[in-house]
Amino acid sequence: VRRIEYDPNRTTRIALVDFGPPGEQQSNAHKPAYVLATDGLKAGDVIEAGDEDVDIRPGNAMPLGSMPAGTLIHNIELRPGQGGKLVRAAGAVATLVKKGDDGYATVKLPSGEQRLVLSRCYATVGTLSNREHQNRKLGKAGAKRWLGVRPTTRGVAMNPVDHPHGD
């Protein structure tokens with residue numbers, strides 16, 4: 001990991017990662033890339049991805065079939081090789097509930113939904129960074145507008161002709 005950076009387009013932080021052994025000259029095929037930063041990841045840490053011989057440490061990516069049940073995971077693929085689609089928001093984490101003999105793994109998502117995912121699909125171990133994002137105070141109505149949220153009027157404040165809750 002070269003450094004952890006802020007990304008204005010997402011709630012979690014991202015990490016700039018070099019490929020290959022540290023200090024080795026980077027070829028064009030192995031340019032540095034950005035990955036979602038796991039909570040506790042810092043510059044200088046080494047993360048791995050692979051099918052086998054990968055430790056169960058935060059930041060490492062591997063197929064669901066290679067992880068023990070009960071592992072906390074994020075950035076889960078829905079189809080092998082497609083890239084992570086599930087559990088990508090700040091502080092989000094899912095749990096690998098069980099691995100079946102039928103080639104599917106059961107994953108408990110942050111919403112509480114349990115979903116079957118192919119065991120060949122990759123996921124990253126650990127919780128996503130920036131867990132305090134949900135505790136942010138916006139401060140004023142205008143800050144909500146900057147996020148694209150339009151004003152809403154409560155139904156109870158309307159007339160009966162305008163809304164069923166009107167008085």
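Is Arg2 buried, partly exposed or exposed? At 40% relative accessibility, Arg2 counts as partly exposed, a class between buried (under 20% relative accessible area) and exposed (over 50%), with a 1.4 Å probe and protein chains only.

The model is predicted: local features need pLDDT of at least 70, side-chain atom pairs count only at pLDDT 80 or more, and totals for chains, interfaces and linings use all residues. Residues are numbered from 1 along each chain as its sequence is written, and side-chain values use heavy atoms, with hydrogens and water left out.

**Overall form**

Along its principal axes, the C-alpha trace spans about 70 × 40 × 25 Å. Of the 167 residues, 31% count as buried.

**Salt bridges**

The structure holds six salt bridges, each defined as a side-chain nitrogen of Lys or Arg within 4 Å of a carboxyl oxygen of Asp or Glu. Three of them are listed here.

| Pair | Closest N and O atoms |
|---|---|
| Arg2 and Asp18 | 2.6 Å |
| Asp39 and Arg131 | 2.9 Å |
| Asp45 and Lys42 | 3.6 Å |

Arg2 forms a salt bridge with Asp18. The two are 16 residues apart, with Arg2 in the segment before strand E1 (3-5) and Asp18 in the loop between strand E2 (14-17) and strand E3 (33-36). Asp18 is partly exposed, at 30% relative accessible area. Partly exposed as well are Asp39, at 31%, and Asp45, at 21%.

Terms used. Helix = DSSP H or I, 4+ residues; strand = E, 2+ residues; numbered from the N terminus.
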